[in-house]
Amino acid sequence: MSNLETQNLIDSSNHSSATTVTAFQHHPQPPPSTTSKLLRPITSLILQPLQWLKMLSSELNPSFILGIFLVYGLSQGFSASFFKVVTDYYWKDVQKVQPSKVQVFIGLYHIPWVMKPIWGLMTDVFPVMGYKRRPYFIVAGVVGVVAATMVAHGGARVGVGAALWCLIAIAGGMAMADVTIDACIARNSIEMKALAPDMQSLCGVCSSVGALVGYSTSGFFVHHLGPQIALGLLAIPAASQIFLGFVIYEKKTFNETSANKKQAIIENLGGALKGMYETIQFPQVWKPSLYMYLSLALSFSTHEGQFYWYTDPKAGPAFSQELVGMVHAIGALASIVGVLIYHKLLKDYSFRNLLFFAQLVYGLSGMLDLMFILRWNLAIGLPDYLFVVLEECVSRIVSRVRWMPMIVLSTTLCPIGIEGTFFALLMSIDSLGSLSSKWGGAVILHVFHVTRTDFANLWLVILIRNFLRIATLSFIFLVPNTDRLEPGSKSTDIETNGDNLQLLPLKERDEV
């Protein structure tokens with residue numbers, strides 16, 4: 001090829017390139033940012049929870065976040081939900097107990113939770129080998145593993161009394177682990193008050209996700225293993241608490257001589273009891289605590305009567321084991337939605353206004369149970385499984401939105417030095433309310449003669465329960481009408497002369 005031809009080709013190529021560039025400039029392609037703008041909300045939605053967890057891990061200790069995952073997610077979430085479904089079938093199919101009696105048993109499960117101040121006092125005042133929290137995770141795990149193994153291994157030889165003690169022990173292991181991690185949460189909530197709602201949101205999400213897994217698998221394991229063997233699986237979450245006791249970060253306290261250690265324990269115990277007594281007397285503390293109890297106690301639990309009716313092949317819809325578990329699993333998803341609704345939309349509203357409307361909706365939503373018992377859903381064309389899913393979702397969302405602000409309020413009321421004990425005291429009020437609810441439900445089921453086979457008056461029991469829920473609104477004045485605890489209230493003056501206690505639960509501080 002000649003140089004002239006080569007030059008012509010080069011010129012032609014340059015001309016084509018210039019033309020292409022000019023054409024590209026006159027007819028630009030869609031900018032790549034258009035696609036990225038479409039993907040950005042999806043990416044942000046995926047990354048936001050991870051960034052949130054990263055922020056919490058950087059502000060708090062990563063092993064503390066692991067503790068929330070293991071205790072709230074695996075123990076409270078999975079174990080509690082799995083325990084609830086499996087024990088219902090255990091008492092109904094293995095031990096063949098009447099629903100009103102099962103309600104009494106369920107109330108007994110709450111006794112270890114009512115004793116939470118004792119577990120909290122132990123973690124605050126009685127360190128083991130210089131550690132206040134780690135040994136109690138280990139003890140809780142050992143108790144849970146032994147109890148779950150015994151009830152599963154005993155076979156048909158386990159009587160009602162022995163089985164009840166084992167189940168109470170399983171609940172006791174959960175309660176002790178819960179108190180111990182709550183002490184850590186309460187301390188961090190006091191030191192970093194701005195993160196208190198975030199910590200409770202993380203706890204709520206972990207609990208709901210764990211419950212989702214527990215409920216969705218419970219029916220499967222009950223169907224294939226039987227209720228008694230399925231209870232043995234609860235040893236796995238308990239074992240994770242033993243692991244947590246070895247890995248969670250905690251500063252070791254100063255080793256004292258035996259005489260000094262004994263004197264320090266006596267002083268700390270006296271200071272803790274005095275601090276609790278002084279703090280609980282303030283209206284800003286006892287009033288919301290009283291409302292917390294009444295809102296639970298007046299909502300009588302009718303769960304066992306409804307459960308027996310759900311699974312009855314003649315009077316009820318005869319739900320299968322898998323379907324019962326899946327309905328609860330969908331409810332756990334709804335609980336996550338409830339946490340997100342509170343965290344994103346409602347956490348800045350005043351406690352009183354939020355709890356008023358949440359309690360009102362809670363009482364009205366109970367009428368869905370009444371419609372279901374009377375089978376009005378069939379009259380409007382909604383099948384049983386669809387209606388019960390709708391009812392479960394509404395109930396779980398409202399329950400979560402109703403309870404989250406009370407937990408946030410409780411964490412900010414805890415004095416430094418006895419935060420584990422005092423938060424456990426406040427949460428034991430929750431457990432005492434639940435116990436009262438269960439036993440009140442047992443009485444009303446017995447009075448209206450709701451048995452394993454007779455459900456004629458179940459609708460009346462549900463109606464009475466709903467009226468009591470709405471009646472709780474008359475006590476809403478006990479809740480503070482603010483979205484946060486402001487400094488300058490009378491309870492900010494709580495002090496003690498003890499060296500280890502700083503009883504300033506309502507004061508905003510820059511340092512501890």
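Predicted model: local features only at pLDDT ≥ 70, side-chain atom pairs only at ≥ 80, totals over all residues.

I began with the lining of the second largest cavity, whose residues divide into six nonpolar, five polar and no charged, where Ala, Val, Leu, Ile, Met, Phe, Trp, Tyr, Cys and Pro count as nonpolar, Asp, Glu, Lys and Arg as charged, and the others, Gly among them, as polar. Residues are numbered from 1 along each chain as its sequence is written, and side-chain values use heavy atoms, with hydrogens and water left out.

I listed the lining of this cavity as Ser75, Ser79, Ala140, Gly144, Ile170, Gly173, Met174, Leu234, Pro237, Ala238 and Gln241. On a 1 Å grid over the protein atoms alone, a cavity is a set of points where a 1.4 Å probe fits but cannot get out, a pocket is an open set with protein on both sides within 12 Å along at least five of seven lines, and lining residues have an atom within 4 Å of a point.

I noted that α3, α7 (134-153), α8 (160-191) and α11 (235-247) each supply at least two residues of that cavity's lining, helices being DSSP runs of H or I with at least four residues, numbered from the N terminus.

I then turned to the second largest pocket, which is lined by 20 residues, with Pro49, Trp52, Ser201, Val205 and Leu340 nearest its centre. By class, I found 14 nonpolar, five polar and one charged residues in the pocket lining, to which α9 gives the most, with six residues.
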